[in-house]
Every structure is written in structure tokens, then in C-alpha cells.
Amino acid sequence: MNDNKIYDTLIIGGGPAGLTASIYTSRAMLSTLVIAGQPSGGQLTLTSEVENYPGFPRGIIGPELISNFKDQAQRFGAVMVEENAVEISGSYDECFTVKTDAGNIYTGRTVILAMGASAKWLGLESEQRLRGKGVSACATCDAFFFKDKVVAIVGGGDAAMEEATYLTKFAGKVYVLVRGSQQEMKASKFMQNKAQNEPKIEFMFNTEVTEVLGQDKVQGLKVKNNLTGEEKTLNDVEGLFIAIGHKPNTDFLEGFVELGKFGYIHVMENTRTSKEGVFVAGDVSDFKYRQAVTAAGLGCMAAIDVEKFLTKKE
Ligand code: NDP
């Protein structure tokens, strides 16, 4: 789709943050275009069961939740395109333009940046095949499914320590697989000690996963000691959590707005960015909470801020 219309707001990102923002802006009678990405839907589309999103007492499948968000926004008139933003320029005074990978250019008076963040993965074929089937990048989301089971988590940073400790509330045993030595661990001493004092946790240092076993679900892990070359199979593992960092999806911004800690978008006040008329919502600025419901909440806040901003300017 290519149109010459000037939208009141261009929302970049089709996950919970962007779609919630679009429900609010379109319902507030602001003309809204969502550049939702290809494939659209963000991290929720890679999740199976979502059990902690309020309003669904029996849980809901991730892609279905996204589809509900879309239907709700479209009901109020939001327009959606399944394209990826590749360039952004302009200012409030002269309008913003966003170019997409489909070669289209869209124009808006304001922008909400809601591109999310992507979990980093090990890059194994077996890991990708079993994503959502026992392999996860979010312990807060999926630990509940592993009651009394044996799980493993990869990573030696604070996130891995925090998630390993959280996993012990559910799992019977948690292997923490760290590719470096104990002395090289990135995690703070406090978080390391907390995890190390937890009886259900067993650390394996200088250890890398070489294969996730199983066809339709995780049924063990092959690991290798990168100092000795010794290979081992952890037969009892039924869940694998990857906690090796996240990357905010901000590559195309290139100096457009100020970035902050770890490359996430710097928030000036509420949902305002460093550029007038540009707002932010969801995981693209939030490296701490990273939940669908917090992203949705931030999307709602950004939409209200856009509405107030445009009203003041008129
Ligand atoms: P970090 O970058 O701090 O740590 C990433 C970890 O993953 C490192 O141990 C790294 O190993 C390992 N790793 C990276 N790639 C691979 C790979 N391919 N295979 C195996 N291991 C790999 O990321 P985090 O997400 O842990 O934390 C990000 C930031 O958020 C940090 O500043 C952290 O302090 C903060 N945070 C704070 C929390 C808190 O205070 N409550 C909770 C969570 C995060 P190596 O060291 O060998 O590179």
C-alpha cells in the first residue's frame, strides 16, 4: 500500500505496545497507520500459551491475542500494513516520513516507536525448531509450565541469574550453563551468590549447548565443555531457557532519536523521546519488565500522550 495521506500518527511496531497504542489513537479519532512489521505481531507470535495476560482466566494462544488486538484497532479505523520500517526522517513542523522495505513511504504528524526488542538465540537448528515447544527466552512467561521438571538456562549475566532463581519456584532442578569460567561471569556478585545458594541450581561452567534433543518437545540436551572438549547428554532436561541478552530493534533509527542504556530508546519524560512529536512504547525502551501487559500499558500511555500533544498544538 502507498498513500499520500498525512496520518495523525504513524505507529511503528505490531506487538502489544503498538497495537494497544493504535486502539487508543484510532478510538480517539486520530487517523492511525500501524507499520506492523513482516511478519507482524512481535514476540507474542513466537509464544504458545499466554497465561499471565489479564482478562483470559484460561490463558490464550499468543498469535490469537495479537489477532484480537488487531481486530479491536481495526474496528476503530486503524490501518495496518505488514511492512518493516527501514528509514525515518522529518520533524513535527514538516511531518515525519517512514520508508518501508516494500518501498512505500508514509507520512504522519506524530510517530510512536514500538518496535520491541528481540531475544538473542544460540543459533542452533534444534533450538529454533523447538522454540515454544520447551525452548523459551522468557522464564517469567514460561516457568510455570515446568512444575517439578528439570530445566536448563544458558547465560552468565544478571538476567540468567534472576531467571534461574525464578525457575526454582517451579522446576525440580535448574542447570545454569555458562560458556565462560566462574571468574569471568558478567552477573553481579550479589545475583551470582543468590543463585549459587539456591539448592535446586547446579552451575556448569565452560559449557555450551551443542544440540537440543527431541522432535516435538525437549527431551534432553547435548552439551560440551569448551576447555576439555568433553561431551555430555543431560537426558533429564525438559525445558531450555535462553538468557543471553536482548537487542532492541532500533537499527533504522540512526541518530533520529537519542538512544540510552544498551541501545534502548531514551525516554525523556513519560513516553516522550528526544524528538518533538515522537513517542515510544514497549520493549524498545524497556529492558527491565519486558512483559506483554507492560508493553500494552506503555502503548496506552504513548497514545494518550500523542492525543494531548496534538490537541495542544491545534
Ligand atoms: P548480559 O550481556 O549481561 O549477559 C549475557 C550473558 O550471556 C553473558 O554471560 C554472555 O557470556 C552470555 N552469552 C552471550 N552470548 C552467548 C552465547 N551465544 N552462548 C552462550 N552464552 C552467551 O545480558 P543480560 O540480559 O544478562 O543483562 C543485560 C543488562 O540488564 C545487564 O546490564 C544486567 O545487569 C541488567 N539486568 C539487571 C537485572 C537486575 O539487576 N535485576 C536483571 C536482568 C538484567 P560472556 O560473558 O561469555 O559473553
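I call a residue buried under 20% relative accessible area, exposed over 50%, and partly exposed in between, with a 1.4 Å probe and protein chains only.

**Entry 1: ground rules.** This is a predicted model, so I note that local features need pLDDT of at least 70 and side-chain atom pairs count only at pLDDT 80 or more, while totals for chains, interfaces and linings use all residues. I number residues from 1 along each chain as its sequence is written, and side-chain values use heavy atoms, with hydrogens and water left out.

**Entry 2: the ligand.** I looked up the shell first. How many residues surround the ligand? I find 14, and the closest are Gly156, Asp158, Ala159, Glu162 and Arg179. By class, I list six nonpolar, four polar and four charged residues. Here nonpolar covers Ala, Val, Leu, Ile, Met, Phe, Trp, Tyr, Cys and Pro, charged covers Asp, Glu, Lys and Arg, and the others, Gly among them, are polar. Helix H5 (residues 158-167) gives the largest share of the shell, three residues. Helices (H or I, at least four residues) and strands (E, at least two) are DSSP runs, numbered from the N terminus.

Next I took the polar contacts, pairs of N or O atoms within 3.5 Å. Glutamate 162 has a side-chain N or O atom 2.8 Å from a nitrogen atom of the ligand. Arginine 179 places a polar side-chain atom 2.9 Å from a ligand oxygen. For lysine 186, a polar side-chain atom is 3.4 Å from an oxygen atom of the ligand. Taken alone, the ligand exposes 920 Å², and the protein buries 67% of that. These areas come from the Shrake-Rupley method with a 1.4 Å probe.

**Entry 3: the sheet.** I traced five strands in an open sheet, in the order E10-E17-E11-E12-E13, with parallel pairing. Strands E10 (135-136) and E13 are the edges, each pairing on one side only. Two strands pair if DSSP finds at least two bridges between them. Strand E12 (residues 173-177) is joined to E13 by four bridges. I checked one partner: leucine 177 bridges to methionine 204 in E13.

**Entry 4: positive phi.** Most residues other than glycine have a negative phi. I noted two residues with positive values. Methionine 29 has phi near 65° and lies in the loop between helix H1 (16-27) and strand E2 (32-35). Asparagine 206 has phi near 50° and lies in the loop between strands E13 (201-204) and E14 (207-212). Which of them is buried, and which exposed? Methionine 29 counts as exposed because its relative accessibility is 73%. Asparagine 206 is at 13%, so I log it as buried.

**Entry 5: salt bridges.** I count eight, each a side-chain nitrogen of Lys or Arg within 4 Å of a carboxyl oxygen of Asp or Glu.

- Arginine 129 meets glutamate 125 at 3.3 Å, N to O. Both lie in helix H3 (residues 125-129), four residues apart, about one turn. Arginine 129 is partly exposed at 28%, while glutamate 125 is exposed at 56%.
- Lysine 247 meets aspartate 251 at 3.0 Å, N to O. Lysine 247 is at 39%, so I call it partly exposed; aspartate 251, at 59%, is exposed.
- Lysine 313 meets glutamate 276 at 2.6 Å, N to O. This pair links distant parts of the chain, 37 residues apart. Lysine 313 is in helix H7 (residues 292-313), and glutamate 276 is in the loop between strands E18 (246-248) and E19 (278-280). Lysine 313 is partly exposed at 38%, and glutamate 276 is partly exposed at 41%.

Note on methods: Near = heavy atom within 4 Å. Polar contact = N/O pair within 3.5 Å; in protein donor to acceptor, adjacent residues only side chain to side chain.
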